[in-house]
Amino acid sequence: MKDIIEQYSGLGMTLKFNNHIGGSADDDINMYTGLMIKDNNMTTMVTATGSVFSGGTDLFTAGNLRILQRSNKAVAIEKNQQVGVHSWSNGQDSAKDIAYTDESHRRQATYFNTMLGDQGVDFYIFTLDSAPADGAHWLTKADSDKYSFITRIE
């Protein structure tokens, strides 16, 4: 990602998610990558053939503009299952069972605050409440509007 940014810096970069981008194997690297996307004013786009979930949604969140190209324009966006969220766990405990003062919550809340401004912490709490760690919630238009999440739906 660093090499791509150095090569194309200042050229209006768009990071397209053309296939399914799921959870992250390393949240620290995922957040670092998201900060690179944000710091370089990149646009993120879930294409009609793509979807993001969990850590993939975290990366989508980093876009200066966040565009969703619906796979089926005839149905509500959540029916397309293209942008999904859920709570997380540390392998033993669900995020909601871990004290909110824990460093892992602070890092996630700070990340979303950096990406979404004043809506960031509320969006983070929404993800925790949306579905358990082994579940999925596909964003609705109302969810997106509430948190100013998807900036353009095509």
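Visitor: How many bridges join β3 to strand β5 (residues 66–68)?

Guide: Three, and the two strands run parallel. This is a predicted model, where local features need pLDDT of at least 70, side-chain atom pairs count only at pLDDT 80 or more, and totals for chains, interfaces and linings use all residues. Residues are numbered from 1 along each chain as its sequence is written, and side-chain values use heavy atoms, leaving out hydrogens and water.

Visitor: What makes β1 and β3 a pair?

Guide: Strands pair if DSSP finds at least two bridges between them. Strand β1 (residues 14–17) and β3 have four bridges, in the parallel sense, so they count as a pair. Phe 17, for one, has Val 46 in β3 as its bridge partner.

Visitor: Why is Gly 34 called buried?

Guide: Buried means under 20% relative accessible area, exposed means over 50%, and partly exposed is in between (1.4 Å probe, protein chains only). Gly 34 has 0% relative accessibility, so it's buried. Leaving aside neighbours within four places in sequence, Gly 34 is in contact (heavy atoms within 4.5 Å) with Leu 59, Ala 62, Tyr 111 and Met 115.

Visitor: And why does Ile 4 count as partly exposed?

Guide: Its relative accessibility is 45%, so Ile 4 gets the in-between label. You'll find Ile 4 in helix α1 (residues 2–8); a helix here is a DSSP run of H or I with at least four residues, while a strand is a run of E with at least two, numbered from the N terminus.
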